Amino acid sequence: MGERQEDFIDRYLLQKLLGKGSFGSVYAGVRRSDGAKVAVKFIKNYKDYPYVTLPSERQRLPLEVALMELVSKPPHCPHVIEMVEWFEMTTMFILVLERPEPCVDLFQYCRSVKVSENNAQVIMQRIVNAARHCHDRGVIHRDIRDENVLINPQTLEVKLIDFGCGDLLKDTPYTEYAGCLDYEPPESIVEGKYEAEPATVWGLGIFLYTLLCGAEPFDAAQEIVNGHLDFPSNLSEASCSLIQWCLQRNPKRRPTLEQILTHHWFWGHVNEEQQNKSK
């Protein structure tokens, strides 16, 4: 159950602003009892904010709180941010989250460092496992992109953050898209509906292309529907193959999350690079 504002003030000290969006803000913070570093997310409790009741709960929870509760239950996933606790007020919710250090978001990281295929393999593998963890817990994130991934520049450890566009996982199609429009799958644009795993895999294909190429593959809805991909000449055949597999126009032809990790890019591209050097 969410606690009161007075409890939050007693337990945490707010520091600098880390980020701000249309529905809330995130601040750095410190837990007073032990000095633990946290991130504090303030979410506006607008009139029609969605609430859900989880099977294991009696209390109706704000949707993002419910999603965070699901993904934060042990056993934990090292690649998904965890919620420490939450507080409920009249006009807002406060989510207290772990704050790994050192870290930057992946968008900032990619602006300062050209990501090699070897490093992209590590990052992609961890993000796919983060998506698998979410689905295993009954959660679809719906906004997996560089700005929603924290990365430790020294170790390449990653944390998937911001479940504000997420929803409970279901077997039936979704009819409302949430997330960055450049990541919207073609079936959502054409048919007005999409299923959870194929849509997640499509988004991961966009994610990997952006990670390796420094830009998103499509700029408009019609480009997404057409599905034409241009690859830089320096990319390996294996990486292009994986991206094309994830970005199949027909959602039934895309891999599952598990199948992504069986693709030969995760082991083959290193051998290809070595072979090219020896020629």
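Reply: The following account takes the cavity, then the pocket, and then the sheets.

This is a predicted model, in which local features need pLDDT of at least 70 and side-chain atom pairs count only at pLDDT 80 or more, while totals for chains, interfaces and linings use all residues. Residues are numbered from 1 along each chain as its sequence is written, and side-chain values use heavy atoms, with hydrogens and water left out.

Rolling a probe the size of a water molecule over the atoms shows where empty space is left. On a 1 Å grid over the protein atoms alone, a cavity is a set of points where a 1.4 Å probe fits but cannot get out; a pocket is an open set with protein on both sides within 12 Å along at least five of seven lines; and lining residues have an atom within 4 Å of a point. Grid points are joined across faces, edges and corners, and a volume is the space filled by probe spheres set on the points.

The structure contains one cavity of 30 Å³ or more. The volume of the largest cavity is about 200 Å³. It is lined by 18 residues, of which Arg142, Asp143, Ala199, Thr200 and Gly203 are the closest to its centre. The lining comprises twelve nonpolar, four polar and two charged residues; here Ala, Val, Leu, Ile, Met, Phe, Trp, Tyr, Cys and Pro count as nonpolar, Asp, Glu, Lys and Arg as charged, and the others, Gly among them, as polar.

Helix 4 (117-136) and helix 6 (196-213) each contribute at least two residues to this lining. Helices (H or I, at least four residues) and strands (E, at least two) are DSSP runs, numbered from the N terminus. Helix 6 provides the largest share of the cavity lining, four residues. Just after helix 6, Gly214 adopts a positive phi of about 80°.

The largest pocket holds about 1500 Å³ of space. Its lining has 50 residues, and those closest to its centre are Val26, Lys41, Asn148, Ile161 and Asp162. Among the elements that give two or more residues to this lining are strand 1, strand 2, strand 3 and helix 2 (63-72). By class, the pocket lining divides into 26 nonpolar, nine polar and 15 charged residues.

Two strands pair if DSSP finds at least two bridges between them. Strand 2 (residues 24-31) and strand 3 (residues 37-44) run antiparallel and are joined by seven bridges. Ala28 stands opposite Ala39 in strand 3. Tyr27 lies in strand 2 and is partly exposed, with a relative accessible area of 25%. Tyr27 and Val96 are 69 residues apart in sequence, and their C-alpha atoms are 9.7 Å apart in space.

A second sheet, also open, has three strands in the order 8-10-11, again with antiparallel pairing. Strand 10 (residues 149-151) is joined to strand 11 by three bridges, and Val149 has Leu160 in strand 11 as its bridge partner.

Notes: Buried means under 20% relative accessible area, exposed over 50%, partly exposed in between (1.4 Å probe, protein chains only).
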